[in-house]
Amino acid sequence: MVIISRFGQPHLPALLMLHGFLGSKDDWSILMPRLSQYFHCICIDLPGHGGNEDTLTSPGLHQAAEQIVSKMHRMGYQQFHLLGYSLGGRIALHIAADFADSLLSLTLESAHPGLQDAQQQASRAKSDRLWANKLQHLPLADFLALWYQQAVFSDLSEHQKQQLISIRRINDPQRLANCYMTTSLSLQQDCRNVLERLNCPCHFIYGVDDKKFAQVAIDWQAALAGSVNLQLHPLHAAGHNIHSLHPQLFIDTLLTLLCLDPLMGSKE
């Protein structure tokens, strides 16, 4: 199965786009008619998602980063802009840690930089084991119904949740469970200082209605104490998954951040 989709002319700046847990490369499709006018967009299925049958050993975040960058290098892209949402953003931070010279910019959407103490990690590990058990033993549609009841998805309507369940249920639950446990936030190193290694712009986009990640972003910027220019971009009337529910707002924001004119007309 195809695990990489590419949009836009190859001579345009490359933009690598990493989706979130349960998603696929197709999650970015809604942005492509406009975004591909400015970038050669490269959308990759994460390990265990969509057509990607790669498995990870635990802990697997650095391994996932290596697999993805290896694919980019084989396609001839030694440098690229990087955008990651949620789990994709956490993997993006590990790409930044291991392949800093490859990045032209780093943009995170609703992504956690890592837990900071053993108690938080133990609590998250316990929670993730419970979710993984459900994923492995419940019918996938039932698991997805439970998953989207979490507070972080409260901005989704019931219709939107049902649409996601219909799309996500094509995944393989055992492969998803492998990715979920090997990339658990409980295993992730604290990536707050990874940005100090970068010589490119660093952006964090979050929805104001997503209280958890709004606070994560604000605390992260404060912890850096000006040592790194992490630029925060709160978007109003938006929650956790901005690019899916508010695509035009997301594109306008992204193009502005990457120094392009979002008001330019079509190049057709």
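Trainee: How do you know that the span of helix α8 (residues 211–224) agrees with its 14 residues?

Mentor: The expected span of a helix is 1.5 Å times one less than its number of residues, and for the 14 residues of α8 that should give 20 Å, which agrees with the 20 Å between its end C-alpha atoms. The helix itself is a DSSP run, helices being H or I of at least four residues and strands E of at least two, numbered from the N terminus. This is a predicted model, in which local features need pLDDT of at least 70 and side-chain atom pairs count only at pLDDT 80 or more, while totals for chains, interfaces and linings use all residues. Residues are numbered from 1 along each chain as its sequence is written, and side-chain values use heavy atoms, with hydrogens and water left out.

Trainee: What makes the buried residues of α8 line one face of the helix?

Mentor: Buried means under 20% relative accessible area, exposed over 50%, and partly exposed in between, with a 1.4 Å probe and protein chains only. In α8 the buried residues are Phe-213, Ala-214, Val-216, Ala-217, Trp-220 and Leu-224. Seen down the axis, they fall within an arc of 160 degrees, so they line one face of α8, the arc being that of the directions from the helix axis to the C-beta atoms. The face turned away from this buried side carries the exposed residues Lys-211, Ala-222 and Ala-223.

Trainee: What covers the buried residues of α8?

Mentor: The cover includes α3, β5 (103–109), β6 (202–207) and β7 (230–235).

Trainee: Why are α2 and α3 called roughly perpendicular?

Mentor: Helix α2 (residues 61–74) and helix α3 (residues 87–98) pack at an angle of about 75 degrees, with their axes 8 Å apart. Angles under 35 degrees count as roughly parallel, over 145 as roughly antiparallel, 65 to 115 as roughly perpendicular and the rest as oblique, and α2 and α3 are therefore roughly perpendicular to each other. The axes are lines fitted to C-alpha atoms, for helices over the stretch in contact, and the angles run from 0 to 180 degrees between N-to-C directions.

Trainee: Which residues of α2 and α3 meet there?

Mentor: From α2 come Leu-61, His-62, Ala-64, Ala-65, Ile-68 and Val-69, and from α3 come Arg-90, Ile-91, His-94, Ile-95 and Asp-98. They divide into seven nonpolar, two polar and two charged, where Ala, Val, Leu, Ile, Met, Phe, Trp, Tyr, Cys and Pro count as nonpolar, Asp, Glu, Lys and Arg as charged, and the others, Gly among them, as polar.

Trainee: Why does Glu-196 count as partly exposed?

Mentor: Its relative accessibility is 48%, and Glu-196 therefore counts as partly exposed. Glu-196 has its place in the loop between α7 (173–182) and β6, and, leaving aside neighbours within four places in sequence, it is in contact (heavy atoms within 4.5 Å) with Ser-227 and Val-228.

Trainee: Is Leu-22 called buried or exposed, and what value decides that?

Mentor: Leu-22 has a relative accessible area of 0%, so it is buried. Leu-22 is found in the loop between β2 (14–18) and α1 (32–35), and its phi is near 80 degrees, a positive value in a residue other than glycine.

Trainee: And what class does Ala-237 fall into by its accessibility?

Mentor: At 57% relative accessibility, Ala-237 counts as exposed. Ala-237 lies in the loop between β7 and α9 (242–245), and has a positive phi of about 60 degrees although it is not a glycine.
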